[in-house]
Amino acid sequence: MSKIRFRQKKVLIAGGIGGLIVLLICILVGVLYVNHLTGKMNGQRQALEQELEQTQQVLKEEMVEVEIVTRDIQSGESIRTNDLETRKIPKSVIADEGVLSKELINGKIAKVDLPQNSPVTASVIYEDEVTTRDIRNQEFGLIELPIKLKQNDYVDVRIKLPSGQDYIVLSKKRVEDLQNGTVWYQMSEKEILNMSSAIVDAYINDASIYALTYVEPGIQEKAYTTYPANKSVLDLIDSDPNIVQKATTELERRNRVKLEEALNAMTPQQRQDYKSNRNTQQTAEEQAAAEQTTYQQQSNDLMNETSTTQPQNTETIFNDQNSVGGTP
């Protein structure tokens, strides 16, 4: 009997020790978890306090009304009043860059790319050149153009002679329009004469006329024109007014020859890939057109069915009413 009691006592003591150990572990885990939560809450509180402090500083700052752009404006693109919206922002954001009204911004050119919601200040715009009386739109199909050229880009038009001499004929001209290798510029009378001289020079000397784009046209200054108009070429232009047209046609023909040579240099695999892509695109377009035609036909059929059914229903109702009215 005494042995049983001794064993029970040992079990109770062991159980008590085990329970005490578990309790201590639970207390330790609880303390660590509470410390973790306390640290997390302190971090959040500090972040909120900093954010509140920054907000209070912004509210205390002097606010100014600034015009911002409501869409993405590319470098070299003209800004209009419908592209602008007035908002209040802290004065420190724009520093002393110069706040302008919509009237002063209207018609100005963006020096750099302006993403949507960007403030427009005097430092990011410039005024386009004044349009003089002799400015004309001129198109060219003989100039070798960069592959990535797009409308509103600024370029220098240059002439490269077989001897290696390279001259700037037109400086910082904006691409007014661009279609299938033909480009349009606005040119003064002097620029037109210089370009005519360069065309004849290229025709006589087997030179090439090409264009190079500006990287940051709003920031980069206009290059100096280095092409000297050839007196003998000018005399030739005076003696034969058709010489410029002849030279233009010849240069366009040379550019066409270069294009055909590039096409002939394509491998059969490249041609097959091009045809496959073209056929796929054509099939997709035909399928879309067929679906559109089917949709329109179904709409027309539905409208015709509605217009045909409606008078019949009206006539039926009218006859029913007459029958009811005539019943004794």
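Q: What percentage of the 328 residues in the protein chain do buried residues make up?
A: Buried means under 20% relative accessible area, with exposed set at over 50% and partly exposed in between (1.4 Å probe, protein chains only); by that reading, buried residues make up 25% of the 328 residues in the protein chain. The accessible surface of the chain, computed by the Shrake-Rupley method with a 1.4 Å probe and, for residues, with only the protein chains shown as cover, comes to about 23500 Å², and 54% of this belongs to carbon and sulfur atoms. This is a predicted model, in which local features need pLDDT of at least 70 and side-chain atom pairs count only at pLDDT 80 or more, whereas totals for chains, interfaces and linings use all residues. Residues are numbered from 1 along each chain as its sequence is written, and side-chain values use heavy atoms, with hydrogens and water left out.

Q: What is the mean pLDDT of the protein chain?
A: The pLDDT is the predictor's confidence in each residue, on a scale from 0 to 100; here the mean for the protein chain is 76, and 70% of its residues reach 70 or more. Over residues 306–328 the pLDDT is below 50, and beyond near neighbours in sequence this stretch has zero contacts in the model, a contact being heavy atoms within 4.5 Å. Where pLDDT is low, the predicted coordinates should not be read in detail.

Q: How many helices and strands does the protein chain have?
A: Helices (H or I, at least four residues) and strands (E, at least two) are DSSP runs numbered from the N terminus, and the protein chain has seven helices and 10 strands. Among contacts with a separation of 6 or more, 69% are between residues 24 or more positions apart.

Q: In what order do the three strands β5, β8 and β9 form an open sheet?
A: Strands of a sheet pair through backbone hydrogen bonds, either parallel or antiparallel, and two strands are taken as paired if DSSP finds at least two bridges between them. In this sheet the order is β5-β9-β8, with antiparallel pairing. Strands β5 (136–140) and β8 (177–179) stand at the edges with a single partner strand each, so one side of each is left without a neighbour in the sheet. Neighbouring strands are turned by 25° against each other on average, direction ignored. Five bridges join β5 to β9, where Asn137 stands opposite Gln186.

Q: How many residues lie between β8 and β9 in their hairpin?
A: There are two residues between these strands, and Asn180 in the turn has a positive phi of about 50°. The antiparallel pairing of β8 with β9 (residues 182–187) runs over three bridges; Leu178 stands opposite Val183, and Gln179 opposite Thr182. Gln179 counts as partly exposed because its relative accessibility is 46%, and its C-alpha atom is separated by 9.4 Å from that of Gln151, 28 residues apart along the chain.

Q: Which strands does helix α4 lie across, and at what angle to β7 does it run?
A: Axes are lines fitted to C-alpha atoms, for helices over the stretch in contact, and angles run from 0 to 180 degrees between N-to-C directions. Helix α4 (residues 189–205) lies across β6, β7 and β10, at about 140° to β7. These strands form an open sheet with the order β7-β6-β10 and antiparallel pairing, and β7 (166–174) and β10 (208–213) stand at its edges. Six bridges join β6 (residues 154–160) to β7, and the bridge partner of Ile159 in β7 is Tyr167.
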